[in-house]
Amino acid sequence: MTDRFRPVTLGALAAGASLVHGFSPRRILDEKGQCRELDFGRDAGARARKGDTLSYLRALGISGDSVFGVRQVHGDKVHVLKQAGVSIPGEGPVEADAVVTHLPNLPIAVLTADCIPLILYDPRCHVTGVVHAGRLGTSLHILSKSIAALRDNYGSRPADLIVGMGPGICGACYEVDEAAIEPFRAGYARWEQWVETRPAGKYLLDLFAANRDDAEQAGVPPLQIHQTGLCTSCHNDRFYSYRKEGARGRMMALAMLASR
Ligand SMILES: [Zn+2]
């Protein structure tokens with residue numbers, strides 16, 4: 001018996017079977033029926049992480065054993081993966097917060113715990129991307145910069161893109177201060193639609209809505225932007241939440257183009 005491992009998926013990204021994708025859960029049942037936690041973060045230890053990665057890949061029906069990732073720095077750099085290579089998610093060697101590629105059968109991934117994990121897919125050009133969009137990355141428009149990277153490198157049109165948002169912290173759970181809101185005021189014309197003012201200089205920031213705004217402004221049709229509706233903090237039993245519990249672990253958002 002193998003692990004009972006149920007990644008969260010989005011129907012819109014799975015349609016057509018051209019893309020394999022998943023957002024990893026916090027816990028799985030192992031082969032002995034024991035509930036255990038998965039952790040893809042740097043602190044998990046190389047051996048445990050390798051085992052968890054293999055379980056995850058098998059659960060997604062992927063036969064390989066490696067995943068390409070970047071060292072995430074809450075910035076706005078998009079890595080264009082044009083040659084097959086292996087790099088452990090969360091460790092680099094490339095510093096970036098998004099990866100886009102045209103290479104089939106090569107899983108790419110980002111790690112999150114509250115930050116919004118995003119997966120992009122263009123069925124016309126058959127290219128994909130994964131994006132780590134936390135507060136800083138979102139304020140820097142990491143999603144629209146990833147959409148621009150797909151356009152500039154592969155001729156991808158925003159009108160054809162499917163955007164999938166995985167589990168992340170919801171607007172009701174994410175209270176921030178004035179300094180955190182300032183870059184959104186400066187960088188987003190419609191920021192007031194997804195920032196709620198609270199007493200004592202506090203604000204509620206909806207990162208899902210902010211990323212939706214960023215994608216729409218970049219030209220992605222609203223009906224092609226999807227989300228799981230799952231909050232990492234509201235559903236802390238199912239996902240890690242950095243805000244709620246500190247650095248307990250990281251989840252992996254993974255995408256892989258199928259051959260076609
Ligand atoms: Zn929530």
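Guide: Happy to. Helix α4 (residues 142-154) packs against helix α6 (residues 207-217) at an angle of about 35°, and their axes are 8 Å apart. Helices here are DSSP runs of H or I with at least four residues, strands are runs of E with at least two, and both are numbered from the N terminus. Axes are lines fitted to C-alpha atoms, for helices over the stretch in contact, and angles run from 0 to 180 degrees between N-to-C directions.

Visitor: Before we go on, what kind of model is this, and how are residues numbered?
Guide: This is a predicted model: local features need pLDDT of at least 70, side-chain atom pairs count only at pLDDT 80 or more, and totals for chains, interfaces and linings use all residues. Residues are numbered from 1 along each chain as its sequence is written.

Visitor: Back to α4 and α6: is the crossing left-handed or right-handed?
Guide: α4 passes α6 in a right-handed crossing. The near helix is turned clockwise from the far one in a right-handed crossing, while left-handed means anticlockwise by less than a right angle.

Visitor: Which residues meet there?
Guide: From α4 there are L143, S144 and I147, and they meet N211, D214, A215 and Q217 in α6. The residues of this contact divide into 3 nonpolar, 3 polar and 1 charged. Ala, Val, Leu, Ile, Met, Phe, Trp, Tyr, Cys and Pro count as nonpolar, Asp, Glu, Lys and Arg as charged, and the others, Gly among them, as polar. Contact means that the C-beta atoms of two residues, placed from the backbone, lie within 7 Å.

Visitor: Is H141 buried or exposed?
Guide: H141 is buried, because 21 other C-beta atoms lie within 10 Å. The cut-offs: buried is 20 or more other C-beta atoms within 10 Å of a residue's own, exposed is 12 or fewer, and partly exposed is in between, with C-beta atoms placed from the backbone.

Visitor: Switching to strands, how enclosed is β7?
Guide: 7 of the 7 residues of β7 (residues 116-122) are buried, so this strand is largely enclosed by the rest of the structure. Both faces are covered: I116, L118, L120 and D122 are buried on one side, and P117, I119 and Y121 on the other.

Visitor: And which strands does β7 pair with?
Guide: β7 pairs with β8 (residues 127-133) in the antiparallel sense over 7 bridges, and 4 bridges join β7 to β9 (residues 162-165), also antiparallel. Pairing requires at least two DSSP bridges between the strands. L118 stands opposite V131 in β8, while I119 has G164 as its bridge partner in β9.

Visitor: What about the turn between β7 and β8?
Guide: The two form a hairpin with 4 residues between them, and H126 in the turn has a positive phi of about 55°.

Visitor: What's in the open sheet?
Guide: The open sheet has 3 strands in the order β10-β12-β11, with antiparallel pairing. β10 (175-177) and β11 (195-198) stand at the edges with a single partner strand each, so one side of each is left without a neighbour in the sheet. Neighbouring strands of this sheet are turned by 35° against each other on average, direction ignored. Helix α5 (residues 178-187) lies across β10, β11 and β12, running at about 85° to β10.

Visitor: How does the protein look overall?
Guide: The protein has 7 helices and 14 strands. Its radius of gyration is 17 Å, close to the 18 Å that the globule rule gives for 260 residues, so the protein is as compact as a globular protein of that length. That radius is taken over C-alpha atoms, and the rule is 2.2 Å times the number of residues to the power 0.38. Of the 260 residues, 45% count as buried.
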